[in-house]
Amino acid sequence: SGRASLALAALSQVLRLERSRRTGIVFPLQKLERHLAPGTDTARFRLFQPGLAALQRAEALFRSDRGHPIDYVSSAVRMDHAPPPALPEVCFIGRSNVGKSSLIRALFSLAPEVEVRVSKTPGHTKKMNFFKVGKYFTLVDMPGYGYRAPQDFVEMVEAYLQERRNLKRTFLLVDGVVGLQKTDHIAVEMLEEFGIPYVMVLTKIDRASRGVLLKNVLEIQEFVKESTQGCFPQLFLVSSVEFSGVHLLRCFVAHVTGNLPTVEAS
């Protein structure tokens, strides 16, 4: 199934599907919308709803070719080892077993030469890993927190979040099956305290039943509304296995790094 689903890494393949399945892959949140109680406010489900041109433009950024290389640049344990902050940057943080490396691998699936190491053992990423997307932006895979997190994780991540001037958005990954955990709340507090703009991404949505997913989405949306200031009000739902939400997330990354013409992003 890995191979069959890899076909959906490209938008052109998704567009061949029948309409409801296509919508479910590109806009997984909207697929859930049909199952909400009548009268539920769905404005937060559609804040970022790019058209086809924007989705295609974003996909082109994530597709490597000779004139547009996508490379793993380096790993750093301390800020003074980080590459110079030349390009707009986004970083991905989350609990050790949340599927962070798998998601980054899915985002880069159209650049198969990019090696994103996905470990069977949680807590494997002990360093900040920097990936350069042509001359457009850098994506950073941060060490996981919680279970088996590196001792110096907090110092490393706090220093990065506070000092990295070119950081445009932080993507906080939350397990879509279990929802917000205590360790996620600590990460949220840190981002809020530093005034860092961030987005919440629910991973592994292919493993959650519709009821569980809907419950988690509504609870987290409520939490974001009531208890956060720096979090983008729309959640992003992804499955690295089925590529649901991956196209939309690529587009949002392109948008926050300033690589989409504004008209297209609305």
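Does F137 count as buried or exposed, and what is its relative accessibility?

Modeller: F137 counts as buried, at 0% relative accessibility. Buried means under 20% relative accessible area, exposed means over 50%, and partly exposed covers the range in between, using a 1.4 Å probe and protein chains only. This is a predicted model, in which local features need pLDDT of at least 70 and side-chain atom pairs count only at pLDDT 80 or more, while totals for chains, interfaces and linings use all residues. Residues are numbered from 1 along each chain as its sequence is written, and side-chain values use heavy atoms, with hydrogens and water left out.

F137 has an aromatic partner, F62. F62 is buried as well, with a relative accessible area of 0%. The two rings form a tilted pair, with 5.6 Å from centre to centre and 55 degrees between the planes. (Rings of Phe, Tyr and Trp, the last by its six-membered ring, pair if their centres lie within 6.5 Å; planes under 30 degrees apart are stacked, over 60 edge-to-face, and the rest tilted.) F62 sits in the loop between α5 (52-61) and β1 (70-76), whereas F137 is in strand β4 (residues 137-141), so the pair ties together parts that are 75 residues apart in sequence. Helices (H or I, at least four residues) and strands (E, at least two) are DSSP runs numbered from the N terminus.

Now the sheet around this strand. β4 is one of seven strands in an open sheet, in the order β1-β3-β4-β2-β5-β6-β7, with mixed pairing. In that order, β4 stands between β3 and β2. β1 and β7 are at the edges with a single partner strand each, so one side of each has no neighbour in the sheet. Further along, β2 (residues 89-94) and β5 (residues 167-175) pair in the parallel sense over six bridges; two strands pair if DSSP finds at least two bridges between them. I93 has L172 in β5 as its bridge partner.

A search of the whole structure finds eleven aromatic pairs. One aromatic cluster is made up of F48, F92, F171, F232, F236 and F252. The ring of Y136 has a charged group over it: the charged end of R57 is 5.8 Å from the ring centre. (For this, NZ of Lys or CZ of Arg must be within 6 Å of the ring centre and within 35 degrees of the ring normal.)
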